[in-house]
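Please examine the sequence and the structure shown below.

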Amino acid sequence: MKKLSSKQILRDKRRVLLERRKTSKERIRQSKELKEIALEVNNWVKRRIKEGLNIKFLTKRDVAICLPERMNFSSDYESTALYIQAIRRLASRSKVNRKQLKLVSVDFSKLKKMSTSAGLALTAELSKWDDSISKRLKPVTDNWDPEIVNRFRELGFFDLFSSSDEENQISLPPQEADLSIVKYIKSRCKGSSQTRLLRSELQRITGKEIDKWTFLRSGLNEAITNVGQHAYPPTYKFREVDKNWYLTGSYRRSTRVLKIIFYDQGIGIPNSLPASELWEKVYQFMSELSVDVGLRKRDERLLKAAVEVERTRTGKSDRGKGLPDMLEFVRKRGEGYLSILSLRGLYKFSIENGKEKVKTVSFDNRLYGTLIIWQTTL
Amino acid sequence: MAILNVGVDFDKDPSGRYYTDGPASGERFREEFLKPKLGSLSRDEKLEIIIDGEVEGYGSSFLVEGFAGLVKHGYFSKDFLRNRMIIKFSDPDFEFYRDKIWMYIDSARFRSEKYASTKR
């Protein structure tokens, strides 16, 4: 072994000291960031409690979210989105400040009514949480409303949890005869072959072929392509395990209403527009209408612009998001609606008595990602 | 007459624009199936493309990249495609996709973009 010279030893010492200083600076920066996040999250919770968010403090830091009586994006959007948002904000991440409030359970006991789309969004949020804590969540259904247990069972909610013993724990009520739900499909897969499974399941629960299916399939293909291209961009640092999309459907026999629901938990259409090749045209569209994109109604307007720009200028551009493809199923069936909920905006296209109608809405609470709902009567 | 049955020869679930969008993208269809087939046609021979059968439906991104990309990247002119490509289907709902294919081809600008593969 060669003996180091005093000059070399000094150089090595300097290098080690410099590295230590760097690491400690990095640590201080990170801890400062986590402190800021904790403060932001805790203040958000305080504000929302004043506005009616039902949270139980189990300890100074551990909290339980008590879900409301009804969760439905049509009739109770604000409250439904608020609770889903609260789960996202409070569910644990790998690194958090020790003062940050931490979600340890979700109380379903008050929940009595839930739409299929709210069920899918809730399932997706809990699945995301479960993935982040190495699948340690366990549903305890003792005090759940039987209808809610059934709804979740049909949706496939309990299959999420590897530690679930729900089937053994409770005697399940008879299934609701009127409403059938397709077990949700969760995928990170970029191809669209899994939509075939949805088709066969919809045939099973409705007892018939879905007329004009090809146009729904076309819309689903584009929704899946959009997830791969725009929903989880690298700049947002999503974990690979979180880059999912979810799909389900339901059929109510008494009204013959069929619903198909697609959901991703990405950055949302309004946020993905500036980076897309559609942005220039959307911006132009907004300018023509003298719309300031910085206003409170930003998401609603961007969402509308994204659909309208493509709808009115298809053929001139080959770089859209395929949003008009999503309208086609409703249009070809001649009735029903398509709703696109993304962040704080809603775009709803409907056909009633042969008349096409477009409605847009701005909400106070944001829904993370994009929820697409098709409804038609068979 | 040469035949290309999308659902049998390519994939029964065509979807996505680029290679990065999945295994049955428009870019893959164009580069590995449609372009070679069209390129190998003998004088006056036509290519019949069957778009239904096993296939349930198409999104715009697949159709634009798969068909209009032939013009955009300067592989074939619009006239050549009009003369040599016959789009066939037996399901009347697929007329919609045929019309879209021709609309995208008609609105594409010849050799307007140099092709750069997205294959990883």
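Predicted model: local features only at pLDDT ≥ 70, side-chain atom pairs only at ≥ 80, totals over all residues.

Residues are numbered from 1 along each chain as its sequence is written, chains are lettered from A and ligands numbered from 1 in the order in which they are written, and side-chain values use heavy atoms, with hydrogens and water left out.

Q: How many salt bridges does the structure hold over all chains?
A: A salt bridge is a side-chain nitrogen of Lys or Arg within 4 Å of a carboxyl oxygen of Asp or Glu. Over all chains, the number of such salt bridges is 40.

Q: Which helix of chain A holds both Glu147(A) and Arg151(A)?
A: The side chains of Glu147(A) and Arg151(A) form a salt bridge at 3.7 Å, N to O. Relative accessibility is 25% for Glu147(A), which is therefore partly exposed, and 9% for Arg151(A), which is therefore buried; buried means under 20% relative accessible area, exposed over 50%, and partly exposed in between (1.4 Å probe, protein chains only). Helices (H or I, at least four residues) and strands (E, at least two) are DSSP runs, numbered from the N terminus. The two residues are 4 residues apart, about one turn, and both lie in helix 4 (residues 146–155) of chain A.

Q: Is Glu65(B) buried or exposed?
A: Glu65(B) meets Lys72(B) in a salt bridge of 3.7 Å, N to O. Lys72(B) has a relative accessibility of 6% and so counts as buried. For Glu65(B) the relative accessibility is 2%, so this residue is buried.

Q: How many residues apart in sequence are the parts that Asp106(B) and Arg82(B) tie together?
A: The side chains of Asp106(B) and Arg82(B) meet in a salt bridge at 2.8 Å, N to O. Because Asp106(B) lies in helix 5 (residues 95–107) of chain B and Arg82(B) in helix 4 (residues 78–84) of chain B, the pair ties together parts whose separation in sequence is 24 residues.

Q: Where in chain A is Arg98(A), a member of a positive surface patch, placed?
A: The positive patch is formed by Lys35(A), Lys60(A), Arg98(A) and Lys99(A); patches are made of residues with over 30% relative accessible area and no salt bridge, with like charges joined within 9 Å and nonpolar side chains (Val, Leu, Ile, Met, Phe, Trp, Tyr) within 5 Å. Arg98(A) has a relative accessible area of 69% and is therefore exposed. Its place is the loop between helix 2 (77–90) and strand 4 (102–107) of chain A.

Q: What is the bridge partner of Ile55(A) in strand 2 of chain A?
A: Strand 1 (residues 55–57) and strand 2 of chain A run antiparallel with 3 bridges, and they form a hairpin with 4 residues between them. In strand 2 (residues 62–66), 4 of the 5 residues are buried. The bridge partner of Ile55(A) is Ile65(A).

Q: Which residue of strand 4 of chain A stands opposite Asp62(A)?
A: Strand 2 and strand 4 of chain A pair in the parallel sense over 5 bridges. Opposite Asp62(A) stands Lys102(A).

Q: What is the phi of Asn353(A), which is not a glycine?
A: Most residues other than glycine have a negative phi. Asn353(A) lies in the loop between strand 10 (336–352) and strand 11 (355–377) of chain A, and its relative accessible area of 80% means that Asn353(A) is exposed. The phi of Asn353(A) is positive, at about 50°.

Conventions:
Areas by Shrake-Rupley, 256 points an atom, 1.4 Å probe, with all protein chains shown as cover. Lys, Arg positive; Asp, Glu negative; His and termini not counted. Charge placed at Lys NZ, Arg CZ, Asp CG, Glu CD. Pairing = 2+ DSSP bridges.
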